[in-house]
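Welcome! Please take a moment to look over the sequence and the 3D view before reading on.

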Amino acid sequence: KEYSMLVYVVTIKVKPDCIEQFISATKENHLATRKEPGNRRFDLIQNPVEPCDFLLYEVYTNDDAVISHKKTEHYAKWREEVAPWMAADRKGVCYSSIFPEGVQQW
């Protein structure tokens, strides 16, 4: 079987008056996460119809990369900072990638 990346899709609902702060804090987390050796994608996506609804699309090379990410200072800072801005609990689901095939395609 071809090597498969781990893809996390995190659903986030932010309070209406906290959208800009959330985007700013997540950008900081994004920039640091993209420097991690096991990270291949870290995208923030906003629903244009429901601007309080966001998705984080994160791609990691393996479980160790995910574990490492969750131990970083920037992730801990982000998690604490955005907690009061949440309108609901974050919900993350892990997927295995099918396409693109192979690490070199990421």
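The report below goes through the sheet, the pocket, the cysteines and a few single residues.

## About the model

This is a predicted model, in which local features need pLDDT of at least 70 and side-chain atom pairs count only at pLDDT 80 or more, while totals for chains, interfaces and linings use all residues. Residues are numbered from 1 along each chain as its sequence is written, and side-chain values use heavy atoms, with hydrogens and water left out.

## The sheet

Let us begin with the strands. Helices (H or I, at least four residues) and strands (E, at least two) are DSSP runs, numbered from the N terminus. Four strands form an open sheet in the order β2-β3-β1-β4, with antiparallel pairing. At its edges stand β2 (39-46) and β4, each with a single partner strand, so one side of each is left without a neighbour in the sheet. On average, neighbouring strands of this sheet are turned by 15 degrees against each other, direction ignored; for such angles, axes are lines fitted to C-alpha atoms, for helices over the stretch in contact, and angles run from 0 to 180 degrees between N-to-C directions.

In general, strands of a sheet pair through backbone hydrogen bonds, either parallel or antiparallel. Two strands count as paired if DSSP finds at least two bridges between them.

## Strand by strand

β2 and β3 are antiparallel and share seven bridges, and a hairpin of six residues connects β2 to β3. Across this pair, Ile45 stands opposite Leu55 in β3, and Arg41 stands opposite Val59 in β3.

β1 runs antiparallel to β3, with eight bridges joining them, and antiparallel to β4, with six bridges. Val9 shows both pairings: Val9 stands opposite Tyr57 in β3, and its bridge partner in β4 is Val93. Tyr8 is bridged to Cys94 in β4.

## The largest pocket

A pocket is defined on a 1 Å grid over the protein atoms alone: it is an open set of points where a 1.4 Å probe fits, with protein on both sides within 12 Å along at least five of seven lines, and lining residues have an atom within 4 Å of a point. The largest pocket holds about 200 Å³ of space; grid points are joined across faces, edges and corners, and the volume is the space filled by probe spheres set on the points.

Which residues lie nearest the centre of the largest pocket? They are Val10, Glu58, Lys70, Tyr75 and Arg90, out of 15 lining residues. At least two lining residues come from each of β1 (6-13), β3 (53-60), α2 (63-70), α3 (73-82) and β4. By class, the lining has eight nonpolar, three polar and four charged residues. Here Ala, Val, Leu, Ile, Met, Phe, Trp, Tyr, Cys and Pro count as nonpolar, Asp, Glu, Lys and Arg as charged, and the others, Gly among them, as polar.

## The cysteines

How many disulfides does a search of the whole structure find? It finds zero, a disulfide being a pair of cysteine sulfur atoms within 2.5 Å. Cys18 is in no disulfide, and the nearest cysteine sulfur, that of Cys52, is 9.0 Å away.

Is Cys18 buried or exposed? Cys18 is buried, with a relative accessible area of 8%, whereas Cys94 is partly exposed at 38%. Buried means under 20% relative accessible area, exposed over 50%, and partly exposed in between (1.4 Å probe, protein chains only).

Leu56 has its place in strand β3 and is buried, at 2% relative accessibility. From Leu56 to Ala87 it is 31 residues in sequence and 16 Å in space, C-alpha to C-alpha. Ser24 belongs to helix α1 (residues 19-33) and is partly exposed, with a relative accessible area of 48%. Ser24 and Ala88 are 64 residues apart along the chain, and their C-alpha atoms are separated by 19 Å.

Most peptide bonds are trans. The one from Phe99 to Pro100 is cis, with omega near -5 degrees, and Pro100 lies in the segment after β4 (91-96).
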